[in-house]
Amino acid sequence: MAFAIVVILVIIVIGLVIYNLNIHKKIQTFNNINQRINNLSIVQDFMSIVGERISVDQKIQKMNDTLIEKYEIKYSTIVVFDGAEYTIKASNVDRKHWNSLKSLQNVDMFKDSIATATPKYVTVNEEGERLPYQQVEFGRAKSAIFFPLYIDNVYIGYWIIESGTPHDFDNVDITILDVVKDNMVSVLKNVVHQKTLEALDRIDKFTGLDSEAYLYGDGKKIIDKYTMSTVCMFKITNLEDINIKCSRELGNKVVKEVSNYFKQNLTSEYILVRYMGPKFAIVFSGVELNGVVEFLNDNKEEIEKLQISLENINEKPEETKTAKKGRKKKQVVVSPRLNFAVSTYYKGTGLEEVLKKLENYLDSAPVGENDINNI
């Protein structure tokens, strides 16, 4: 009888063990599924961030904030090498620790991680210890995972997550975070072009206007508030003649006068840029083409009435070398001549293609053309 009871108890225990193992397996399966769902969700969030009309640095910071929120990470820092130095692009760590965080590539334990493109997990065993890469900070981080970042096999920096608890990442699935890291690299790769455009944007020294690159960066944020806008490009058609027959100094003054006139007559939602040489571009954000043509006609007429001159200027600069003393110098007066091309831009399409079409038209137009053309 006692033996039978023991056998029954053993069977019950074995049954409970098997049951617990099945429950544990199901929990693990659920956790894996949940991690995959979170991973898919964060990929979608990343793609949404890429499409937002914000600066590259803002996108990277928002991406880091998303990582912290989705994975409940205590500290997350993204460091990128810009070709000259390592720069922290996003972090929720106090700035007083940034110098050590942007120097991790010099720490021996991470050099091998960078060389082999593999994550590195480090932790302490006791509360009183500190991580080897920490210099003056004792209590902030007790465990960390270091991920080197590569774009097309080129090392560009690293992502490091940290916790204030020892061994906090012992049970973290590194492969899942590795996938997140790969998606982060994809985002960084996608914003390289935008960063290039932001870096290319310069202020034209003669007019004080932004360059063409502005239209594809910050300018696009204004333009794409609207479904449709009108794009105009105009050319000072007689600028080359003024430069040759009069002087480049007078030509520069013509460029300034024309740009100043438009700057004074355009609202902040309308974007004026120095496109190239004698060409300028205006984007009338949210305005239909018909309304723009009337505005351009009025302004074109006024601009071409301008009488632009420089005091004490000769027709040809070389004449000053042989001019007799006391000879009266001739004042040259010119008026700009403008040729316009306009087209419609729709949000989500290629703004650069619209501008290229307008530029090609103006460059191939007859020399004497002086009109407003709908392309």
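Select residues 270-276 and 279-284 in this predicted model. These are strands S8 and S9, an antiparallel pair joined over six bridges. Pick Val273 next: Ala281 in S9 stands opposite.

Now go to the turn. Two residues lie between the strands of the S8 and S9 hairpin, and Gly277 there has a positive phi near 55 degrees.

Colour S9 by burial. Six of its six residues are buried.

Select Lys235 to find Lys279 of S9 opposite.

Zoom out to the whole sheet. Six strands form an open sheet in the order S6-S8-S9-S7-S12-S13, and the pairing is mixed. Strands S6 (210-211) and S13 (372-374) are the edges; each has a single partner strand, so one side of each has no neighbour in the sheet.

Strand S12, residues 338-346, pairs with S13 in the parallel sense over three bridges. Ala341 is the residue opposite Asn373 in S13.

Finish with two helices. Select 248-265 for helix H9, which lies across S7, S8, S9 and S12 and runs at about 155 degrees to S7. Then select 289-303 for helix H10. Helix H10 lies across S7, S9, S12 and S13, at about 160 degrees to S12.

Key:
Residues numbered from 1 in each chain as written. Predicted model: local features only at pLDDT ≥ 70, side-chain atom pairs only at ≥ 80, totals over all residues. Heavy atoms only, no water. Buried < 20%, exposed > 50% of the residue type's maximum accessible area, 1.4 Å probe, protein only. Helix = DSSP H or I, 4+ residues; strand = E, 2+ residues; numbered from the N terminus. Pairing = 2+ DSSP bridges. Contact = heavy atoms within 4.5 Å. Axes fitted to C-alpha atoms, helices over the stretch in contact; angles between N-to-C directions.
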